[in-house]
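Subject: Structure for you to look through

Dear colleague,

I am passing on the structure below, together with some notes on what was found in it.

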Amino acid sequence: MVALAGNPNVGKSTVFNGLTGLRQHTGNWPGKTVTNAQGSCLFAGKNYVLVDLPGCYSLQAHSAEEEAARDFLCFGGEDGGSGCRADCVVVVCDATCLERNLNLVLQVLEITPNTVVCVNLLDEARRKGVAVDLPKLSALLGVPVVGAAAREGQGLGELMEQVSRLAASLLPVPAEPAVRYSPEAEALIEALLPAAQDLSQGLLPARWLAVQLLAGVDPTLLAGLTKTLGAAPQQDPRVQRVLAQSTLDPESLRDQMAAATVRRAEELAQAVTQSSAGGYSPRDRKLDRLLTSPLTGFPIMLLLLLGVFWLTITGANYPSQLLSQGLFWLGDRLGDLFAALGAAPWLQGLVVDGMYKTLAWVVAVMLPPMAIFFPLFTLLEDLGYLPRVAFNLDRCFHCCGACGKQALTTCMGFGCNAAGVVGCRIIDSPRERLIAMLTNSFVPCNGRLPMLISLIAMFFAGTGAAASAGGSLGASVLSALLLVAVIGLGLAMTFAVSKLLSVTLLKGAPSSFTLELPPYRRPQIGKVLVRSILDRTLFVLGRAASVAAPAGLVIWLLANVQVQGASLLSLCAGALDPFAQLFGLDGVILLAFILGLPANEIVIPLIVMAYLAQGSLVEMSDLTALRALLVDNGWTWVTALCVVIFTLMHWPCSTTCLTIQKESGSWKWTGAAVAIPTLCGLGLCLGVHTLCSLLGLG
């Protein structure tokens, strides 16, 4: 087993993908990977299991990813025990900023000498005028050092060659430790070594265990040590006697040790690195001054968002229409086949009118926008722009009592709110992590974006016919502007609710953090398209389809089972109608959102089926036909506005709810995540509907 460790954004996942052939997401922002990915690599006739650890700056765990990386290196996989520990560790470093990366290398060397240092991004280093003396670095560290440019596939063969050599035979523990601390600390370490050697039982390095005991074992590490060694080592009488002799408190001792490690990393980097251009790109600095300036950063961010949505809206309408026509034509042929086979009408209704047509609607509505939005979003990610968005929004979140890293999880929510909730692991503070999870659904995910686009195009940005045909330039730009405004409302609610939570249920001061701005990189267009289409678009579409087909079956049953001359669907909608009318909606709309809990993508098909009262979906050839159907059933622009607001702010889908429960470990906070956006959405709808009624609008 080979573990891959490294700082965030050093190309570690790219190395992993190059060796295993997997398509793990390798975004150009820090703190992206928060779980261990595993793959296999065949080299020289042997199969190696590679584990891509979360990116971390230190093994002195201050976050979930640092804790996960440290625990795997020390104790192995989920089953624990030395048998699951890595035979070799590859520490991936960034050649352009080696000084910071060597801090982690030195800490890993304290745990295991079976380490290979992979100095990656040598191509970027050359462009920036940075040269690294790899043989000298290898001699100073006492372990193999390999240069690589993983994006180009360079150096990976040599890396695996060194890995195969180390994995075959354990290296002896070096006589000289990776880092020397202060004389007082070294004396205490020497005094602790005999006890540490007995306690470690050969499962852990004795010096490393002595250092941890001296610096004060944190609770998470203590649990791992106790499980591995069979007893709590800090309770050993010999350890307690030595610790009682120390005149330094553990916190100041930890600071001294961390400073010593940093100084050693600086010395090594200065000894092996030469830079002719200061180690940074003047172009990057100029771009950062433009993209992160308070004066220009926000306007550019809004313009880019506007451009992405304009391209999505303009490019998706016509393909969506063609796809809808083709899929519904295929549905008609499927119905003819059932009729030719003499299938019972109820069976044809269940399969064709219920399951297939609901599925066809979801695919036709979702696929074109996602196939455009995800590649564009991934391009911005690969360029390194998304961390600049987080930098710009950091002050806003900080003023709301939240963490600036929440900006990153908010961006992830555009693709999928469940993914955004999982991404909240990068936030160190439990309080701020909960705030981020509870407010992530204020960002419209891929399942809600097509619905928002359609409603805006039909009722607020020109006629449905213009929109369905691709629309005029003015109509498409107006649609994009209105969509940006809706998303701006979602962000404003995120800030407002974050502030409210930080002064009520989740009181506390906002924590500070260091956000690394990665270099701007030329996107790999081919990989971006493959990753965004296969890993994101089709994955999300598959998840929606797996929900849409069974939901279509249930919906068809509700629409076709009659009770006293009325369908169950109409009876339920009628019961909800008086309540829904208070908020500018109707019973059908509210019932559609309730039944759409498995996936937001099926809300529009539900509304259409209920209004038609025919028990099955029919093809909506363009947005004009859909708009006509809605208007015939009492919709006005006020109704559409209230539906837009409620689409933006209502309960998360079932997948996101289950993810929140898993991440928070509490059904109470999951309930809060459901109640908060729902109450906000209903409150705004009530206000809009009441105001328009008083003014006689709509």
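F43 stands opposite K46 in β3, and strands β2 and β3 pair in the antiparallel sense over 7 bridges (two strands pair if DSSP finds at least two bridges between them). Before going further, please note that this is a predicted model, in which local features need pLDDT of at least 70 and side-chain atom pairs count only at pLDDT 80 or more, while totals for chains, interfaces and linings use all residues. Residues are numbered from 1 along each chain as its sequence is written, and side-chain values use heavy atoms, with hydrogens and water left out. Helices (H or I, at least four residues) and strands (E, at least two) are DSSP runs, numbered from the N terminus.

The sheet to which these strands belong is open and has 6 strands in the order β2-β3-β1-β4-β5-β7, with mixed pairing. At its edges stand β2 (37-43) and β7 (145-147), each with a single partner strand, so one side of each is left without a neighbour in the sheet. On average, neighbouring strands of this sheet are turned by 25 degrees against each other, direction ignored; axes here are lines fitted to C-alpha atoms, for helices over the stretch in contact, and angles run from 0 to 180 degrees between N-to-C directions.

Helix α3 (residues 98-111) packs on the sheet and touches β1 (2-6), β4 (88-94) and β5 (115-120), its direction making about 165 degrees with that of β4, where contact means heavy atoms within 4.5 Å. Helix α6 (residues 156-168) lies across β1, β2, β3, β4, β5 and β7, and runs at about 170 degrees to β5.

Two other helices, α8 (residues 206-215) and α9 (residues 219-229), pack at an angle of about 140 degrees, with their axes 12 Å apart. That makes α8 oblique to α9 (angles under 35 degrees count as roughly parallel, over 145 as roughly antiparallel, 65 to 115 as roughly perpendicular and the rest as oblique). Where they meet, W208, L209 and Q212 in α8 are in contact with L221, L225 and L229 in α9.

Turning to charged side chains, a search of the whole structure finds 12 salt bridges, a salt bridge being a side-chain nitrogen of Lys or Arg within 4 Å of a carboxyl oxygen of Asp or Glu. One of them joins the side chains of K12 and D52 at 2.6 Å, N to O, and this pair links distant parts of the chain, with K12 in helix α1 (residues 12-20) and D52 in strand β3 (residues 46-52), 40 residues apart. K12 counts as buried at 5% relative accessibility, and D52 is buried with a relative accessible area of 0%; buried means under 20% relative accessible area, exposed over 50%, and partly exposed in between (1.4 Å probe, protein chains only).

The salt bridge between D336 and R333 (3.2 Å, N to O) lies within helix α13 (residues 297-340), the two residues being 3 apart, about one turn of the helix. Here D336 is partly exposed, with a relative accessible area of 43%, and R333 also counts as partly exposed, at 35%. E432 forms a salt bridge with R431, with the closest N and O atoms 3.5 Å apart, and both residues are buried.
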